[in-house]
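Here's a friendly walk through one protein model for someone meeting it for the first time. Take a look at the sequence and the 3D view, then read on.

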Amino acid sequence: MKLRLFIIVCFLTFAGVLYNINVNGHEYYTVKYQEKMERIVYGASAVRGRILDRNGKVLVDNVGVLNITYHKPVSTTIEEELKIASLLKEYVGEVSLSETALKNYYLATHNNGYDLITEEEWTLWDERKLDNDGIKALKWERITEEMITYSEEEQKIIHLFTLMNDGYAYQDKTLLSDVSDEVVASITSLNIPSLSTTITSKRVYPYGETLKSIFGTIGSIPKESKEKYLSDGYALSDIVGTSGLEQEYEELLKGTKAKYIINSDNTLTLLESETPGNDITLNIDIDIQLELESILKEEMTLASAKKSTKYFHDSYAMLGDPKTGGIIALAGLRRLDNGEFSDITITAFTSSFAMGSVVKGASNTVGYKTGAITVGKKLRDSCVKLYSQPSKCSYKRLGYVDDITALKTSSNYFQFITAIASTGQTYKYNMTFNVTEENFKTYRDVFSSYGLGTKTGIDYPIEQTGIKGTKIAGDLLLNFTIGQYDTYTPISLLQYINTIANYGNRYALRLKKENYNSFMGQVDLEDKYFDRITTGLYQVFHGGTASSYIAKNLNAVGKTGTSETFYDSDQDGVVDTEVINSTLVFYYPKEDPTYSMAIVAPYLTDSTTYTYPFTKNVSKKMTTYLSTKQE
């Protein structure tokens, strides 16, 4: 009875295993079988998706290019490959060969270096006292430089021969890339069965250099990223996004490669066709982008004629949608000595500057949160004199100011008094103003909540946060409050003004168009205080420091900024010349924000007597263009 029960249990167990293999595990084991019994390979990288602007205009496209491809026959010889290479060498340009390629060619054409090994060494090899690696090492070290010195024509043959033998034998090898129809016709007429014409694609940019650094590049898998790509199913020969948006959105843009099975004669049979990558749509409006670049170039050229602007070489400007964080236009330009311009837009994410009084909306926020500002209380604008420090003043005496008019007229004195009060101290002439790291943290935490001194969350592979000052001193805290201590990136100014427009809601900046807002946090401040901040910043454009910057009917809200800093005038690594940065941030209209803008002009002037109105002219021309575009 027990034996029968044991047999039944074994039978049921065996039946269960068979059922699991044939039903539940059918697909799994089928794949495993195919991997063992079939040789599967994949084609070249698929055609990448395009990059479009918000209106569907193509910013990055693909164009088909013709290539000459070699497929190694099973029984081919070195002599046959060298003959093909000799026929194709006239289509090869200048080449650069590695020592490895040269030595491998020498061995292939000299009986695999048999004569480089002595009879005694071959005897040791026969006796297994010298292994294959040892023989190879001896051959390698005995190939002299003289032995691998070849003519220019033969170097071209070596280049082609190396390509023919790179990788696996069954893989197609591209010998000539992006060739003309005439070259294809000429090579086809040679009737070489192992050569064929294939079509691949390369990236093209309909708008030239515009935003090209932002789009990024494609190329071979970087050495330092090899393991990651291999684990994700890539082949080392794949073309991938290596920087910019091409890298950021690789998964969307890359597409799916064709799938083949390798036949016994090394030919391939298609199993699955290639699928092109997905297009991505940006928030960028290319028409606005081109106009912004044109305005910057025009204003930088005009500014260059002034004596005070000899250190002014770079400028940045960006336009956004404050409600979503979408970036509509983004430009960074450098004016060269010959009057031409180069694109430095990418440095809007990495370079940082002292931004000046544009930050005072955040500074007021600290005053409200700490109780250092009494709403509506008026102070007579003056100077602050700390012990052993020179007096610190506004750019001129501004009369009585409160929390709103201090923004309107850009009172430094108001911010200094607020900073002192935020530490629990009361200002007295020639006082010793002691501060702690915590006092700086109070300001930096608030500034970060606006996007200053922290990452903006932009969908881009690289972004810096600016530089935080390391010294702790009372006069430096005063400098901090007016934007003359820590430095911030140009792109972070756009998030800062967006956050004000959204009454403290901070959204990630976005190049790619999305159907959602990426919420990053909120400034901890009641709306009643935001009412006062936006009122003060509205008055900046209506009777304040930016009264003539933008048409009054646009109802702009924002802030001007200037910052005293230093410049390395002789490029010796030491900053030695006092200069002034000029900045501007704003959004409009006040009640229903449509556009936000940030403009940064580093080292605009070396003189306090005359400053070229760069930010004023750029803002006026850009908003005039946008008004015309909407009509």
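Predicted model: local features only at pLDDT ≥ 70, side-chain atom pairs only at ≥ 80, totals over all residues.

What follows is a short tour of some helix pairs, a few backbone details and some single residues.

## Before we start

Residues are numbered from 1 along each chain as its sequence is written, and side-chain values use heavy atoms, with hydrogens and water left out.

Helices (H or I, at least four residues) and strands (E, at least two) are DSSP runs, numbered from the N terminus.

## H14 and H17

Let's begin with helix H14 (residues 360–370) and helix H17 (residues 437–450), whose axes come within 9 Å and cross at roughly 125 degrees. Axes here are lines fitted to C-alpha atoms, for helices over the stretch in contact, and angles run from 0 to 180 degrees between N-to-C directions. H14 and H17 are therefore oblique to each other. As for the wording, angles under 35 degrees count as roughly parallel, over 145 as roughly antiparallel, 65 to 115 as roughly perpendicular and the rest as oblique.

Which residues of H14 and H17 meet? From H14 come Gly361, Ala362, Ser363, Thr365, Val366, Lys369 and Thr370, and from H17 come Thr442, Tyr443, Val446, Phe447 and Tyr450. Contact means heavy atoms within 4.5 Å. Sorted by class, the contact of H14 with H17 has six nonpolar, five polar and one charged residues. Here Ala, Val, Leu, Ile, Met, Phe, Trp, Tyr, Cys and Pro count as nonpolar, Asp, Glu, Lys and Arg as charged, and the others, Gly among them, as polar.

H14 is mostly covered, with nine of its eleven residues buried. Buried means under 20% relative accessible area, exposed means over 50%, and partly exposed is in between (1.4 Å probe, protein chains only). Among the buried residues of H14 are Lys360, Asn364 and Tyr368. Just after H14, Gly371 takes a positive phi of about 80 degrees.

## H4 and H7

Next up are helix H4 (residues 99–109) and helix H7 (residues 152–164), with axes that come within 10 Å and cross at roughly 90 degrees. That makes H4 roughly perpendicular to H7. On the H4 side, Ala101, Leu102, Tyr105 and Ala108 take part, and they meet Glu154, Ile157, Ile158, Phe161 and Thr162 in H7. The residues of this contact divide into seven nonpolar, one polar and one charged.

## The two sides of H8

In helix H8 (residues 181–188), Val183, Val184 and Ile187 are buried. They cover an arc of only 100 degrees around the axis, which puts them on the same side of H8; the arc is that of the directions from the helix axis to the C-beta atoms. An α-helix has 3.6 residues a turn, so residues three or four places apart point the same way.

What do the buried residues of H8 pack against? Their partners are strand S3 (58–70), helix H3 (78–88), strand S4 (173–179) and strand S5 (195–204). On the other side of H8, Asp181 and Glu182 are exposed.

## Backbone details

Most residues other than glycine have a negative phi, and most peptide bonds are trans. Arg128 has a positive phi, near 65 degrees. Arg128 lies in the loop between helix H5 (119–126) and helix H6 (132–142), and is exposed, with a relative accessible area of 80%. Phi of Asn430 is also positive, near 65 degrees. Asn430 lies in the loop between helix H16 (412–422) and H17, and is partly exposed at 32% relative accessible area.

The peptide bond from Tyr588 to Pro589 is cis, with omega near -10 degrees. Look for Pro589 in the loop between strand S21 (577–588) and strand S22 (595–605).

## A few single residues

Ser492 lies in helix H19 (residues 490–501) and counts as buried at 2% relative accessibility. Not counting residues up to four places away in sequence, Ser492 touches Gly451, Leu452 and Thr456.

Phe312, in the loop between helix H13 (286–303) and strand S11 (314–321), is buried too, with a relative accessible area of 6%. Leaving aside neighbours within four places in sequence, Phe312 is in contact with residues including Met300, Ala303 and Phe614.
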